[in-house]
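Please open the model in your viewer and keep the selection panel at hand. The stops below say what to select next and what is there.

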Amino acid sequence: MSYPMTVSRPLVLMYHGVGTRPAHRDPFCLFVPPDTLHRQLRGLLDRGWTPLTLGRYLRGGCPRRSVLVTFDDGYQGLLDEGVPVLRKLRFPATAFVLSGVLGGTSTWMADMPDEPLLDARGVRRLADAGLDVECHGWDHSDLANASPETLTRNITDAATALADITGRRARAFAYPYGTHDAAARRAVADAGFEIAFSVHDGAGRYAVPRVDINATEVDATFRLKTWRGYRAARRMSGAVPLLRPAVHSLIGFAQRP
């Protein structure tokens with residue numbers, strides 16, 4: 001991979017589902033309503049941000065205000081409600097899907113086990129819609145401190161199964177839960193991935209941090225999260241655990257049905 005992982009690298013946003021869900025169906029605030037997604041992405045374009053495909057991100061040399069938008073887990077709602085927004089705005093995106101549970105539901109979350117996931121046909125439709133479809137593992141297993149068998153299943157086997165569906169080898173990996181360790185990073189590199197994404201904890205090209213966007217965002221918090229200094233400020237605020245929720249409460253939360 002030619003792109004240097006430096007402090008000037010593009011912003012990477014992490015979404016999950018797209019759709020309107022009441023709080024009791026989405027206790028982890030994973031689903032962003034389609035009109036909110038449209039407003040957020042439209043706002044980025046209006047403020048001069050350059051949206052990136054995964055390939056453009058990997059080539060490097062991107063404009064300073066550039067952004068890679070990613071979606072984790074492969075929910076059916078991304079195809080049904082997210083893709084129309086992306087198409088309308090001509091906004092590229094990257095989707096990370098779970099090869100071993102296609103056509104199933106989100107059973108790894110006991111509090112919301114019934115959210116439908118894309119099946120193989122849906123994954124191909126994502127690719128046909130222009131999204132980069134990449135690997136999120138086999139079954140959403142935590143890969144930090146994982147056994148060699150778990151790593152093989154969720155990295156090597158998952159990549160092979162996804163290639164059988166899409167017709168191409170995945171270039172990028174996203175760690176379930178954003179968690180990783182040296183063994184997981186090494187396994188991803190050995191499997192031939194060009195890059196891997198975490199959430200908050202970065203460690204070079206095989207654990208590139210992303211900024212999470214969830215259902216509680218209002219316009220002010222979304223803009224705050226796209227501020228170039230946000231990740232550094234978030235790390236510093238870790239010394240004061242109540243600071244982030246206090247600031248979010250002061251700015252406000254999006255109303256949910």
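This is a predicted model: local features need pLDDT of at least 70, side-chain atom pairs count only at pLDDT 80 or more; totals for chains, interfaces and linings use all residues.

Residues are numbered from 1 along each chain as its sequence is written, and side-chain values use heavy atoms, with hydrogens and water left out.

**The whole protein**

Begin with a cartoon view, where the protein shows 9 helices and 10 strands; these are DSSP runs (helices H or I of at least four residues, strands E of at least two), numbered from the N terminus. Of the 257 residues, 52% are buried, where buried means under 20% relative accessible area, exposed means over 50%, and partly exposed lies in between (1.4 Å probe, protein chains only). Switching to a surface view, you are looking at an accessible surface of about 11,500 Å², 53% of which belongs to carbon and sulfur atoms; the areas come from the Shrake-Rupley method with a 1.4 Å probe, and for residues only the protein chains shown count as cover. Among contacts (heavy atoms within 4.5 Å) between residues at least 6 apart in sequence, 65% join residues at least 24 apart.

**Helix H1**

Next, select helix H1, residues 34-46, and within this helix pick out aspartate 35, which is exposed at a relative accessible area of 53%.

Then select arginine 42 and aspartate 46, whose side chains meet in a salt bridge at 3.1 Å, N to O; the term denotes a side-chain nitrogen of Lys or Arg within 4 Å of a carboxyl oxygen of Asp or Glu. The two residues are separated by about one helical turn, because they are 4 residues apart in helix H1. Aspartate 46 counts as exposed at 56% relative accessibility, whereas arginine 42 is partly exposed at 34%.

Select arginine 171 and aspartate 132, which form a salt bridge with their closest N and O atoms 3.6 Å apart. This pair links distant parts of the chain, 39 residues apart, with arginine 171 in the loop between helix H5 (148-166) and strand S8 (172-174) and aspartate 132 in strand S7 (residues 132-135). Arginine 171 is partly exposed at 25%, while aspartate 132 counts as buried at 14%.

Now select arginine 168 and glutamate 134, a salt bridge with the closest N and O atoms 2.6 Å apart. Arginine 168 lies in the loop between H5 and S8 and glutamate 134 in strand S7, so this pair ties together parts that are 34 residues apart in sequence. Arginine 168 is partly exposed, with a relative accessible area of 30%, but glutamate 134 is buried, at 0%. For a further stop, select Arg21, Arg25 and Glu115, which are joined into one network by salt bridges that share partners.

**A positive patch**

Finally, return to the surface view and select Arg64, Arg65, Arg223 and Arg228, which gather in a patch of positive charge. Patches are made of residues with over 30% relative accessible area and no salt bridge, like charges being joined within 9 Å; Lys and Arg count as positive, and the place of an Arg charge is taken as CZ. Arginine 228 sits in the loop between helix H7 (219-225) and helix H8 (230-237), and counts as partly exposed at 34% relative accessibility.

Key: Patches are made of residues with over 30% relative accessible area and no salt bridge: like charges are joined within 9 Å, nonpolar side chains (Val, Leu, Ile, Met, Phe, Trp, Tyr) within 5 Å.
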